[in-house]
Amino acid sequence: MRISTAKPGAGAGKLVLPLLVLILWTTASRNEWVHPYLLPSPRRVGEAAWTLLSRGELIRHLGVSLRRVLTGFVITLGIALPLSILIHFLGWIRNLTKGSLEFLRSIPPLSAIPLLILWFGIGEASKTAVIVMASFFPVFLNVLSGLNTVDESWRELADSLQLTRGDYLAAVLIPSALPSILTGIQLGISYSWRALMGAEMIAAASGIGYLILDSQEMGRIDRVFVGILTLGICGILLDRVLMKLFNSWIPWQNLEEGRTW
């Protein structure tokens, strides 16, 4: 049984800063320290959120955004996992792709949007491509790192048992690299979510990014706040769900303990 290392009161402690920000926000809006157009009151934001929820608009936009994120991330997994395994086994593929991958890693996905529009149009393909570009390297690098750091004794054991490459991959390599693979998946989902705003800047007609941009153009800053808060809250929830799920798959290692904060 895993012993929890969480400090008592740590959960409540995380709420202190948000509560202070909420108090400061309420005070600033009530005393009009900032123009109400630029900083709507928490009550106005809450009313806008309730209106969007009651009309079903917020859920509809959130569903579209989640579908885009998952579609892009599944494609990322389909490219990053096989490529990592090929590079691990075949040195000539590593030498062939290393320079190109380093070049692509240096390019911010948002800078490629004009080119993606020319290549894929303004439909779903260009939005998916932005999400793939944003999530590929966190997954690829973590998987490759996990494969390359397998304990030498396991390699020697596989050699002594004369395992085939397929058996070695299935019985030794993947299980040993699983914590790194799951960390990569978690980071990849997080980067996909963060890239959503850029993806939905491409002539979108739905999605949380579209909701934010459309609200900004209509001067509805309260709805802009609702969209931003929705992105943040859903990002945290998604991360928590993945962490719980992955920790149940590898009970011998708590992924959360490996975090720096």
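Residues are numbered from 1 along each chain as its sequence is written. Because the model is predicted, local features need pLDDT of at least 70 and side-chain atom pairs count only at pLDDT 80 or more, while totals for chains, interfaces and linings use all residues; side-chain values use heavy atoms, without hydrogens and water.

The unreviewed UniProt entry lists residues 62-242 as "domain: ABC transmembrane type-1"; such annotations may be inferred rather than shown by experiment, and their positions follow the numbering used here, with feature names shortened. Over residues 62-242 the chain is 84% helix and 0% strand, with the end C-alpha atoms 18 Å apart. Helices (H or I, at least four residues) and strands (E, at least two) are DSSP runs numbered from the N terminus.

Serine 65 lies in helix H4 (residues 57-89). Its relative accessible area is 0%, so serine 65 is buried (under 20%; exposed is over 50%, partly exposed in between; 1.4 Å probe, protein chains only). Beyond four places in sequence, serine 65 is in contact with Leu196, Glu200, Gly207, Ile208 and Gly209, contact meaning heavy atoms within 4.5 Å. Valine 64, also in H4, is buried at 12% relative accessibility.

H4 packs against helix H10 (residues 208-217) at about 125°, with axes 7 Å apart. Axes are lines fitted to C-alpha atoms over the stretch in contact, and angles run from 0 to 180 degrees between N-to-C directions. Leu58, His61, Leu62 and Ser65 in H4 meet Ile208, Gly209, Tyr210 and Leu211 in H10.
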